[in-house]
Amino acid sequence: ENSFANFNLIALDTCPIYVGNYVLLGPDVKLYTATHPTDPQERLDGEEYGKPIRIGNNVWIGGGTIVVGGATIGDNSVIGAGSVVVKDIPANVVAVGNPCKVIKHLKEPTRAPNQFQQLTMFNLQK
C-alpha cells in the first residue's frame, strides 16, 4: 500500500518478495530471489533454489540497487544507490555499498504520515 516502483524494476520471484507499505524503489532496482549452489558439482547437476526477500515499511531503495534472496531490509531504512544487499539490514539505518553496510542510524518516525503523494509526474508549471 502506498508504495512506488520506478522504471526498470526487475523482480525475479522464484520465491516470495514481501514489500511493506510506503516503500520507494528507485530506477533499475533488482530483486533476485533465485540462487544457485556454490558447489561446482551441484551446479553441474542442475540444482537451483530460491530464497525470499523481505522489505519492511517506509523503506527507500536507491536506484541500481541489487537485493539477493534471503535478505531482509528493516523498517524505515534507506539503501544507497548502487548498493548490493547480500545480508539482512536492520531497521532505522542508512546502508550503502557492495556489500551493503550500515553507515548511519536513524530515528524512528514519531507519527503517521500526513499524506502520501504519488511520485509519478512533476508539475513543470510551478
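User: How many bridges join strand 8 to strand 11, and do the two strands run parallel or antiparallel?

Analyst: The model is a predicted one, and the description below should be read accordingly. Strand 8, residues 53–55, is joined to strand 11 by two bridges, and the two strands run parallel. Within this pairing, Arg54 stands opposite Thr72 of strand 11.

The pair belongs to an open sheet of three strands, whose order is 3-8-11 and whose pairing is parallel. Strand 3 (17–19) and strand 11 (72–73) are the edge strands of this sheet, each of them pairing on one side only. As a general point, side chains in a regular strand alternate between the two faces of the sheet.

To place this sheet in its setting, the protein as a whole comes to one helix and 15 strands. Its C-alpha trace spans about 60 × 30 × 25 Å along the principal axes. Of the 126 residues in the protein, 29% are buried.

Strand 9 (residues 60–61) runs parallel to strand 12, and two bridges join them; Trp60 has Val78 of strand 12 as its bridge partner. Strand 12 (residues 78–79) in turn runs parallel to strand 14 (residues 93–96), again with two bridges. In that pairing, Ile79 stands opposite Ala95 of strand 14. Between strand 14 and strand 15 (residues 101–105) the direction is antiparallel, and four bridges join the two. Val94 stands opposite Lys104 of strand 15 in this pairing.

Strand 14 and strand 15 also form a hairpin, with four residues between them. Gly97 lies in the turn and has a positive phi of about 105°. The loop between these strands also holds Pro99, and the peptide bond from Asn98 to Pro99 is cis, with omega near 0°.

Because its relative accessibility is 46%, Asn8 counts as partly exposed. Asp28, likewise a residue other than glycine, has a positive phi near 65°. Asp28 is found in the loop between strand 4 (24–25) and strand 5 (30–32). The relative accessible area of Asp28 is 29%, which means that the residue is partly exposed. Asp28 and Gly46 are 18 residues apart in sequence, and their C-alpha atoms are 29 Å apart in space.

The remaining features concern helix 1 and the loops on either side of this helix. Asp39 lies in the loop between strand 6 (34–35) and helix 1 (40–44). With a relative accessibility of 33%, Asp39 is therefore classed as partly exposed. Together with Glu42, Asp45 and Glu47, Asp39 gathers in a patch of negative charge on the surface.

Glu48 counts as exposed because its relative accessibility is 57%. The C-alpha atoms of Glu48 and Thr35 are separated by 6.2 Å, although the two residues are 13 residues apart along the chain.

To return to the request, the pairing of strand 8 with strand 11 rests on two bridges and is parallel, and Arg54 facing Thr72 is a residue pair within this pairing.

Note on methods: Residues are numbered from 1 along each chain as its sequence is written. This is a predicted model: local features need pLDDT of at least 70, side-chain atom pairs count only at pLDDT 80 or more; totals for chains, interfaces and linings use all residues. Side-chain values use heavy atoms; hydrogens and water are left out. Patches are made of residues with over 30% relative accessible area and no salt bridge: like charges are joined within 9 Å, nonpolar side chains (Val, Leu, Ile, Met, Phe, Trp, Tyr) within 5 Å. Accessible areas come from the Shrake-Rupley method with a 1.4 Å probe; for residues, only the protein chains shown count as cover. A salt bridge is a side-chain nitrogen of Lys or Arg within 4 Å of a carboxyl oxygen of Asp or Glu. Lys and Arg count as positive and Asp and Glu as negative; His and the chain ends are not counted. The place of a charge is taken as NZ of Lys, CZ of Arg, CG of Asp or CD of Glu. Buried means under 20% relative accessible area, exposed over 50%, partly exposed in between (1.4 Å probe, protein chains only). Two strands pair if DSSP finds at least two bridges between them.
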